[in-house]
Amino acid sequence: MKMARPFMILRTRRALPAALALACLLAVGTPCASTAPSPVQHAIALIDAGQFKSADADITKALAEPGLPASTRDELLFQRERMRRILIDFTLDADAAKARIRKQVPDLSDAEFTRWDQQGLLEHMVIDGRTLYFKRAPNNLFLLSKEAAARRSKPAPSNDDPMETLNAHHRAARAESLVTHRTSVTPNHVRVTETVTVDADAVPAGETIRAWLPFPRELPGQQEQVRLVDSQPSGANVAPAATMQRTAYLERKAEAGKPTTFAVTYELTIYAQYHDIDANKVVAAKLTPELKPFVEERAPHIVFTDDLRAFSRKVVGDEKNPYRIAQKLFAAVDQIPWAGAREYSTISNLSDYTLHAGHGDCGEQTMLLITLLRLNGIPARWQSGWIFSDGKYNNIHDWGQLYLAPYGWVPMDVTFGQLHPGQGDDPALQWFYLGGLDAYRIAFNSDFSQPFVPPKQHFRSETVDSQRGELEWRRGNLYFNQWDYDFTWQLLPVPERTGR
């Protein structure tokens, strides 16, 4: 697990005027100058500053204004919902946080806790004057600090994905690519079932629960021969292949005292990818109408802030070659340690958050890298889904793609980061995940924050990604604390490739 945090700007609670300026920028994509922030912008700034009571009062006042557009009303109501979700994530006071840490560091002193807290190692918010710690902060501490990890009475075993360490699959993918001159190699064929279980009595008996379970996209050269095998209940409505966040839609009525279960089973063939990139052949991409959106800002999560520009200048220096710029940015973000993340819907700007927090999970790291690449004129875009292994490991995961002329779109996974070739390995394997990808992942999404088919009527639990699923009934969304999910999988013989 990566521990170093070079270049990071440790987060401090923003003064409200600065937060207002950021909220204005996030909402409209450009500085607001002397224009007063909108009610939504003002609510975002107050919430980010921890002033929940003031935000709630202002939201109530704004909702009472005559002629309020429906879209503004929904945005204001979501900010109220965001406060509720933040309080679900931030549940610990200092004593509770210390108690959690003392389960692993029995002799933790108050002074030690305070020092780690002041170093930014224990994520917290000051909400209406009360300091509340993120519920995963005590466990994250041991991922962020070697000192804290060394103090554990019983060190926990690693639970990293096997693909995060250089192995035979990476070597085979590269070797086959070099021999065959193909970029799609060493396939796996897999059957997957996702099951979603809604808590008993989460909705009244007889009410219909609507469910959207993530479903693989058909991506030539990456994942092919996607096939729905079964669903529970039967009759899943799979979104069109062009849907950027693809799902299988199901409905079922709730029964009193019983959990409500949805499941979808599918098969597909997944290819590892490898591009043998020669930096000397890489040139600046011609920004065609198709590529231009992928070098632009896209508020709220891709915004070229002053801090981001400063970070980029420090990392990139005078480098002009797009691939070498990408290597520098990839290496810098790779140094940000992974830590369990709060729900993305509670964060007003993922890339800004990750830059200042000095830690991030896969989606936060990926969003920061995408933003940095775009800032440097390198097209970059999102992918995400689910990862698995030959054994028991599986998880939801985010990664991306960047465009390098003359190679086109190539994959990147900054969370898996740089590999470490050993004796006898080709040094090029270090950069496997900047231009390559393993065959143990399924992409549900080729973009973030995209609508579902059919559309969801109420707020989404996850406003950025789509990996666990979404559920609702006629009176509202069912949030993550009202249901659970699970994936099972089976590797099958690889069928003959068709049409290629």
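Visitor: At what angle do helix α3 and helix α4 pack, and how far apart are their axes?

Guide: In this predicted model, helix α3 (residues 52-63) and helix α4 (residues 70-89) pack at an angle of about 160°, and their axes lie 10 Å apart. Angles over 145 degrees count as roughly antiparallel, which means that α3 is roughly antiparallel to α4. The crossing of the two helices is left-handed.

Visitor: Which residues in α3 and α4 meet?

Guide: From α3, the residues include Phe 52, Ala 55, Ile 59 and Leu 63. Among those they meet in α4 are Leu 76, Leu 77, Met 83 and Leu 87.

Visitor: How many bridges join β2 and β3, and how many residues stand between them in the hairpin?

Guide: Strand β2 (residues 124-127) and strand β3 (residues 130-134) pair over four bridges in the antiparallel sense. The bridge partner of Ile 127 is Arg 130 in β3. The hairpin has two residues between its strands, and Asp 128 in the turn has a positive phi of about 50°.

Visitor: How many residues does the largest nonpolar core have, and which have the most contacts inside it?

Guide: Nonpolar side chains tend to be buried together in soluble globular proteins. The largest nonpolar core here has 92 residues, and those with the most contacts inside it are Tyr 266, Leu 373, Leu 402, Met 412, Ile 442 and Leu 471. A second, separate core of 34 residues includes Val 40, Ala 55, Phe 90 and Phe 113.

Visitor: What does Met 412 touch, leaving aside residues up to four places away in sequence?

Guide: Its contacts include Phe 330, Leu 373, Trp 399, Leu 402 and Tyr 433.

Visitor: Where does Asp 278 lie?

Guide: Asp 278 lies in the loop between β9 (260-274) and α10 (306-316). At 29% relative accessibility, Asp 278 counts as partly exposed. Asp 278 and Ile 302 are 24 residues apart in sequence and 29 Å apart in space, C-alpha to C-alpha.

Key: Residues numbered from 1 in each chain as written. Predicted model: local features only at pLDDT ≥ 70, side-chain atom pairs only at ≥ 80, totals over all residues. Heavy atoms only, no water. Buried < 20%, exposed > 50% of the residue type's maximum accessible area, 1.4 Å probe, protein only. Pairing = 2+ DSSP bridges. Core = buried A, V, L, I, M, F, W, Y, C linked by side-chain atoms within 4.5 Å. Contact = heavy atoms within 4.5 Å. Axes fitted to C-alpha atoms, helices over the stretch in contact; angles between N-to-C directions. Parallel < 35°, antiparallel > 145°, perpendicular 65-115°, else oblique. Left-handed = near helix turned anticlockwise from the far one by under 90°.
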